Each structure stands twice: as structure tokens, then as C-alpha cells.
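Q: I have a chain open here and a few things to ask. Can we go through them one at a time?
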Amino acid sequence: GRTAEGAILQQVLMYDIARVTKRPLVVAQVDAAQCYDRVALAMAALTLRAFKVHNSSVLGMLKPLHCMEFYLRTGFGQSESYFGGKEQGKHGLAQGNGAAPPTWQQISTIMINAQHSKGQGWILCVLSQ
């Protein structure tokens with residue numbers, strides 16, 4: 001399954017298995033390209049604390065992200081004014097932050113578990129070779 005043809009074959013086989021076994025199948029092609037930029041830092045802090053991350057580690061990562069100052073830099077130099085900062089804190093985990101993927105995973109876990117507790121959601125069935 002490392003080629004484009006293998007991925008298509010796997011997808012067709014998955015459809016066939018669902019059709020033959022008469023089981024429901026949902027295929028979602030989700031674009032989570034902006035997921036790190038949309039995270040509310042308060043929710044991230046609560047989620048990380050729920051997963052037993054030390055408070056000092058949570059604050060050490062999220063407080064600088066919230067208070068970050070963004071300057072515009074062009075070929076003519078760097079602007080003197082900025083946006084963000086302590087006055088108007090920004091949200092998001094920042095693209096390139098090494099802790100953003102596991103933080104997003106924990107937030108997603110909480111959301112999926114909340115859906116399951118209300119009787120919604122899905123059961124993930126992985127077909128292995």
C-alpha cells in the first residue's frame with residue numbers, strides 16, 4: 001500500500017467488503033490544514049491538564065503563544081508596530097510547534113469521546129494485511 005495504485009485498490013476493496021457484508025461505511029476526506037490555528041488555548045490547557053500534563057509545562061507552552069508579538073517584515077525593513085501581544089492575545093498552537101500534533105490529538109480524543117458518550121460517533125475498523 002505504498003503506491004497510488006495500492007491506495008486506490010485498498011479503497012475499492014474496503015467498499016466491496018462493506019457492500020458484501022452489508023455494513024455501514026462512511027468515508028470522510030477531511031482537510032485539517034488549519035486545525036492548529038483554530039485551537040482555543042484555554043481548551044488546550046484544560047485538555048492537557050486532563051491528560052495529566054504538568055501545569056508548568058502547559059503554561060510554558062501556551063503562555064508564550066498567547067502573548068506572541070507579530071511584526072511585518074518586508075524588503076523595506078521591519079515594522080515598528082505589531083499585532084498580538086499581551087493586549088490582544090492570539091490563539092492557536094502555531095504551525096511548526098512540535099507539541100501541536102499531540103495536543104490536537106488529545107483535543108480530538110476528548111471531542112470523539114464526548115460524541116460517544118451521547119450515543120453518536122462511529123466504530124473504527126482497521127483492515128490489516
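Q: Tyr-82: buried, exposed or partly exposed?
A: This is a predicted model. In it, Tyr-82 has 33% relative accessibility, so it counts as partly exposed.

Q: And what about Tyr-71, how accessible is that one?
A: Tyr-71 comes out at 37% relative accessibility and therefore also counts as partly exposed.

Q: How many aromatic pairs are there?
A: The count is one aromatic pair. Its members are Tyr-71 and Tyr-82, with ring centres 5.4 Å apart.

Q: Stacked or tilted?
A: Tilted, because the ring planes of Tyr-71 and Tyr-82 are at 50°; the stacked class needs planes under 30 degrees apart, and edge-to-face needs over 60.

Q: Where do the two sit in the chain?
A: Tyr-71 is in strand 1 (residues 69–74) and Tyr-82 in strand 2 (residues 77–84). They are eleven residues apart, and the pair links distant parts of the chain.

Q: Switching to helices. At what angle do helix 2 and helix 4 cross?
A: Roughly 85°, with the axes of helix 2 (residues 41–50) and helix 4 (residues 100–117) coming within 9 Å. That makes helix 2 roughly perpendicular to helix 4.

Q: Which residues meet there?
A: From helix 2, Ala-44, Thr-47 and Leu-48; from helix 4, Thr-103, Gln-106, Ile-107 and Ile-110. By class, this contact has four nonpolar residues, three polar and no charged ones.

Q: Last one, helix 1. What does it reach from first C-alpha to last?
A: Helix 1 (residues 4–21) has 18 residues and reaches 26 Å, close to the expected 26 Å.

Q: What follows helix 1?
A: Lys-22, with a positive phi near 55°.

Terms used: Residues are numbered from 1 along each chain as its sequence is written. This is a predicted model: local features need pLDDT of at least 70, side-chain atom pairs count only at pLDDT 80 or more; totals for chains, interfaces and linings use all residues. Side-chain values use heavy atoms; hydrogens and water are left out. Axes are lines fitted to C-alpha atoms, for helices over the stretch in contact, and angles run from 0 to 180 degrees between N-to-C directions. Helices (H or I, at least four residues) and strands (E, at least two) are DSSP runs, numbered from the N terminus. Angles under 35 degrees count as roughly parallel, over 145 as roughly antiparallel, 65 to 115 as roughly perpendicular and the rest as oblique. Contact means heavy atoms within 4.5 Å. Ala, Val, Leu, Ile, Met, Phe, Trp, Tyr, Cys and Pro count as nonpolar, Asp, Glu, Lys and Arg as charged, and the others, Gly among them, as polar. The expected span of a helix is 1.5 Å times one less than its number of residues. Rings of Phe, Tyr and Trp (its six-membered ring) pair if their centres lie within 6.5 Å; planes under 30 degrees apart count as stacked, over 60 as edge-to-face and the rest as tilted. Buried means under 20% relative accessible area, exposed over 50%, partly exposed in between (1.4 Å probe, protein chains only).
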